[in-house]
Amino acid sequence: MLRRILRAAVLGGLTAVLIQGSARAQQRLIVRTEAGTPVIATQVLLAIASSDESPSEAGIAHVAARAVTRSILPALDSLGARLAINPQKDVVAITLTASPDTWENASRLLLVALFRGRVDSASVAGVTRAVEAELRGRRNSPADAAARAADAAFHGDGHPWGRPAVGTPETVARLSASRVSAFLRTHFVPERAFASVVGPIDENAARAHLTRFLPAAGPVPAALVARGRPARAPVALDYDAVTTWVSVAYPFTLTADLEALRMLAHLVADELSFGPTRRSVYDMRSEVTTRATGGEVRFTVVVPPEEAERWTARVQEIVDGMADQPRLVESWRALVRRYRGERLHQLSSPEQRAAEAVRNLFVIGEPRPLFPDFDALTASRVIDAAASLGNPALVLLGPIRPGL
Amino acid sequence: MLLALYLTTSLAAADTSLATAPALEEQARPAIAVLRQTSIPLVALRLSILADDPPGYAGAGHLIQHLVHARLRDQVGRIGGRVRLERSSDAVIYSVSGPAEEMPFFAEALRSVLEPPSATEVELIRASQELAEERLAEWETAGRHVRAALRAQLFPADLPAAGTDASAARLTRRGGLDAAWSLLYRPERVSVVAVGDVRIRDVEAAFERLPAPLEATVASPDAEIARVEPLSAPQATRGWLATAYLADDVSPAAVTLATRLAGDLLRERLPTATVDAEHWWSHHGHALVLVVAVPPGEIPEARAALASALRDARRAVSPRRLELAASGLRREMLFYSRTPDRMAEVIGSFLDRSGDADSAQRFYAELEELSTREVDRALDELMDRPPVRAEVPPQTLPGS
């Protein structure tokens, strides 16, 4: 526990650090040749964070990405290629999956659209209407409300990452074509791009093709985002639902042992999921997220409202218990064997592998082996990882009884 | 080796190869196909017991799947593996996926489903009730309803995977499961497809010895005639119309392309409709199936469009359209099979149907080489046959 407190103090001290752009050239492109994979997955990360958006224009990066790629969708469709856009706190992730014979055309279409594309008022209006409708639909989802509340509590009041990366129906509805166009010109630039390619493609050929649009290396883009200051006290939000969503989010620094943290999250999730002794857990989720300023391990459990406090404490007990768990050492072989299977499934599709490869490049600054060395994982690494976590931000969302 | 070739496009040094184990006459063994992919340390193993449920025991294979599912899921889940069970028109299928290093463990788990099934009376009743619910669910929604009605007319011998009430009664009698198993399982009726970082010799070794079959103690009851009486039509807000053409003796590749063309044209003609164009293909035979769902006011137009769908497709056939359709189908297959378990499913479905692992490669090769004349001929032959139809009318709302 002492280690936890010390660690929290260090994390607290980091809240004031501003992550600045660096002149150091960083690798921006990674190609993983996989002969046996039937399609080529490409992920482009644009380092456009919520901090690049003003609060009144939250969601503009997402709208811009969808608007500027809208006109190429029919062409991609005719090539059998699939496009997915996923706005995150610190980047906009764009994934293209195409068969080997169409990848070059499809990726050219995408990159030209992203960096040289223009939007008109019709396309922006079409996208904002669609996004606004999606966001209004999601407003009634307790899962979405819980995620928004947990984000706000974890990053702190007023922090850009506390806002939803997709914005709100109100901010999206206000976006004009001229604002989106201006945002595109200043933010959708190759200098902010990172990319990965995974599939049956020759590395040199892929690099030669992509570097016509993207830099293979370059200075780290400035991410002017300070670490947030998590809420110190538990946040209880009244919400009209029959269940309560409990979120417990722990911060960690970039020096943390990421694979050990992933295994920790897996072990904790295992102890929290529905089972004969946990019949009241309706749903359970664990996520490990890395960002340039550190990361977050978040556990979300959905439980009956009258048990919310007990489960909030239980999640923390289990995480604390991991830091000193004889059972971990005794049953290590079986635990790591199971973790290996589940972890490998997280990388079973080429899109998942492309996403992890480029995320490593963006956050860590260099490529990392995609498939962890499971033999090198040890119980003491997981125990140390548990001890390295900072104090959690706690959020309860559901019917809140008086006095909570 | 077309699938393997597709997978290795543009690479000189490929790590992918599709290998099949030679059939050995002296000992009954499963058919084995391995697609080796060394770039990710995963493996998908798909084991299927080929062909029909024994006559009179419809639903036996799927009932046994319900009985073993929880055990298999827990066993494989202990090492982070995943399980998927499926009963297709061609086979009873068990699939597992997980770390390639664990292939022997997965193989052992899969071999265990070939042991004679055993169940307590309670387990048997529970599984039987689950199947009864599945039988009803087949008619529950409009889309499933029209498909079930078409299947009963097109392929009377292709009984529902969940069986019939009569076969359920037979299976839950004392000795019913053993009797069905003795008629269903033989090692030579088993196929294994492995996709991932494994070698064929290791897969062969893992499945070298399969459990012995039970000796048949009872004669097979008379084959059931599938008098699948449609249940009452479900409530639907749109009208559902389905038309199908039996395609026996017509080239499957040509029917696949004809189906694609007909579906594309229907979508153009009925922009507000949901259109599904499907090529049903099993060892029972194959058929071109068109299903549309339209708002009530557009039913007459949809009926006319369905009636002329093949004629319209025949008129529209051109080399360019065929090329687009074939490349579209190939790309969809590649996209679908981008994970080892999906790839095993694609190869396995062809293997189950034809008994030949190379049939998937031949099919996609043939697809790309089809001429307009061959597709024209296929459409002509289909149009000469009487179509089979099924409909679910839209509900009439009070005051409408």
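A residue is called buried when its relative accessible area is under 20%, exposed when over 50%, and partly exposed in between, with a 1.4 Å probe and protein chains only. This is a predicted model, in which local features need pLDDT of at least 70 and side-chain atom pairs count only at pLDDT 80 or more, while totals for chains, interfaces and linings use all residues. Residues are numbered from 1 along each chain as its sequence is written, chains are lettered from A in the order in which they are written, and side-chain values use heavy atoms, leaving out hydrogens and water.

By that definition, Phe299(A) is buried, with a relative accessible area of 1%, and Tyr250(A) is buried too, at 0%. In chain B, buried residues make up 54% of the 400 residues.

The structure holds 10 aromatic pairs over all chains, where rings of Phe, Tyr and Trp (its six-membered ring) pair if their centres lie within 6.5 Å, and planes under 30 degrees apart count as stacked, over 60 as edge-to-face and the rest as tilted. Tyr250(A) and Phe299(A) have ring centres 6.3 Å apart and planes at 80°, so this pair is edge-to-face. Trp181(B) and Tyr185(B), by contrast, form a stacked pair, with 5.1 Å from centre to centre and 15° between the planes, and both of these residues are buried.

Chain B also has an aromatic cluster formed by Trp281(B), Phe350(B), Phe363(B) and Tyr364(B). Over the face of Trp281(B) lies Arg353(B), at 3.6 Å from the ring centre; a charge sits over a ring if NZ of Lys or CZ of Arg is within 6 Å of the ring centre and within 35 degrees of the ring normal.
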